[in-house]
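Visitor: Could you walk me through reading this structure?
Guide: Gladly; here it is.

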Number of protein chains: 2
Amino acid sequence: MSLDGYQRSRYLLIIEKIKKDIESGILEPGEKLPSENKLAKDLGVSRTTLREALRILEEEGIVIRKHGIGTFINRKPIFSSGIEELISITDMIKEEGKTPGTRLLYSGYVDPIEEDKSELRLDDQESVFLVKRIRTADNEPMVYCIDKIPEHLIPKDSVFENESLFDFMDDKAAVTISYATAFIETIGYHEEISKVLQCEKESPLLVLKQTHYDLHENPVLYSINFFRADKFRFSVFRKRVKF
Amino acid sequence: MSLDGYQRSRYLLIIEKIKKDIESGILEPGEKLPSENKLAKDLGVSRTTLREALRILEEEGIVIRKHGIGTFINRKPIFSSGIEELISITDMIKEEGKTPGTRLLYSGYVDPIEEDKSELRLDDQESVFLVKRIRTADNEPMVYCIDKIPEHLIPKDSVFENESLFDFMDDKAAVTISYATAFIETIGYHEEISKVLQCEKESPLLVLKQTHYDLHENPVLYSINFFRADKFRFSVFRKRVKF
DNA sequence: CCTTGATTGTTGTTGGACAACACTGTAAAA
DNA sequence: TTTTACAGTGTTGTCCAACAACAATCAAGG
């Protein structure tokens, strides 16, 4: 295995490699992995590094380790992507095998509400860059997105086109989103949103309220997403910690 | 620090210890931890073991590690308990500082539907033990619970009282639940359920469909929980993995 | 038949060493 | 004076080799 290019840590590369091997079928659910000593040699890393990777894979529910027995690929249906993994809505739709699209409803600077101020730790009088969009899959409305970015992160003259917001921030704001804290809620019928999403009156919406942070733990994006409940559901791997 | 009693692995004890120190305020958000060498000595474990603990804490978003700089307690609002952590509804309600209660609607053996068969990997003709309950917080209806357990796991003569289902299975079925795969969905008004939960007609419900597994990766419990959306929301820590 | 113990193979833990990285202060160069 | 270059220090990342703890198997003994 080639591990040249030291960009990321080795243990991260190992994690990717093993995940890829599972997806591609080289490693099958329920299968027992080689012992750590052997696997470490095969992968060309030390046992220590391999163990760090396996620990995380265990935490994520991908593998199961049993003291004195071995390490196994979990038999559970591995979700295409659980909600714990932060990906853009664009990628979510792509993973479903559909073509993502965007309809821009609004973009520009507005005054923040209290919620924005606290989530984004705004100075007084700082405004936010607001983007309202409809995200579509195969041209069908799927998600209503409200995104807010602190004013100071964005060059005044920049224009938001129909790109991924993650990419936009990476390019224009030189900010890399690293993680997010999210709340999952639900609402029933919403006058405006349900209409533009073409929902039935009885159909509720899944709401994702997220505060995104960059590599320095600074909040850089606060977003509220409304998902059509008949098209979307979220999956989670839940692990018991105290017995 | 006392680490006597080898029941759990040392790295798990370290994780607990650090989490406890954060909750109790000994470690404060944003604070820099001592270096791994010092911390390992303080805790009385090897640096390797400490690092395994820190890796998982990082994966969970509790700490943030920076190569060449140090390890820090994350400043994010640490959720009382994110949805990634599998706990019983009893404990969820307790964590809110309220008193959990249960109203048993039904318990007994029934024929499984297709959904149950596939989720619980049932043999043909095996029936399931069904429990229907209302869970209350301070006597207020909160969650409508449907739980199904494969027949062969439960001694025929056992009776389900108002205990925690996790405990019930531990005692009567000698089964320890280890993790679960969950889907988060939502539904609008439901004729029966909304009524017993005393929901308004416009108020939707958050639905958690979960398959629970024991330590040997066998599915042992399939449950569908309906949460009042005006009382509950789920939190998740989402981490970006590929940049 | 069943129990006990030795053997084997696994993951868990240890200690010590060096590598890679980030920051700081100092000295050299412009 | 200002800027650049570099050494020094402290951190996390990686490596190695060994032993401990645990689980399963098998053989010998009751």
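Guide: The surface near DNA strand D has five nonpolar residues, 13 polar and four charged. Here Ala, Val, Leu, Ile, Met, Phe, Trp, Tyr, Cys and Pro count as nonpolar, Asp, Glu, Lys and Arg as charged, and the others, Gly among them, as polar. This is a predicted model: local features need pLDDT of at least 70, side-chain atom pairs count only at pLDDT 80 or more, and totals for chains, interfaces and linings use all residues. Residues are numbered from 1 along each chain as its sequence is written, while chains are lettered from A and ligands numbered from 1 in the order in which they are written.

Visitor: Which residues come nearest to DNA strand D?
Guide: A residue is near a strand if its C-beta atom, placed from the backbone, lies within 6 Å of it. Of the 22 residues around DNA strand D, the nearest are A:S9, A:R10, A:S46, A:T49 and A:G68.

Visitor: Which element gives the most to that surface near DNA strand D?
Guide: Helices (H or I, at least four residues) and strands (E, at least two) are DSSP runs, numbered from the N terminus. With three residues, α3(A) gives the most.

Visitor: How do the axes of α2 and α3 of chain A cross?
Guide: Two packed helices are described by the angle between their axes and the distance between the axes. Axes are lines fitted to C-alpha atoms, for helices over the stretch in contact, and angles run from 0 to 180 degrees between N-to-C directions. The axes of α2(A) (residues 36–43) and α3(A) come within 9 Å and cross at roughly 100°. That makes α2(A) roughly perpendicular (65 to 115 degrees) to α3(A).

Visitor: What relates chain B to chain A?
Guide: A rotation of 180° with 0.0 Å of shift along its axis superposes chain B on chain A, with RMSD 0.1 Å, by least squares on the C-alpha atoms of residues with pLDDT of at least 70 in both. That is the relation of a two-fold axis.

How values were computed:
Angles under 35 degrees count as roughly parallel, over 145 as roughly antiparallel, 65 to 115 as roughly perpendicular and the rest as oblique.
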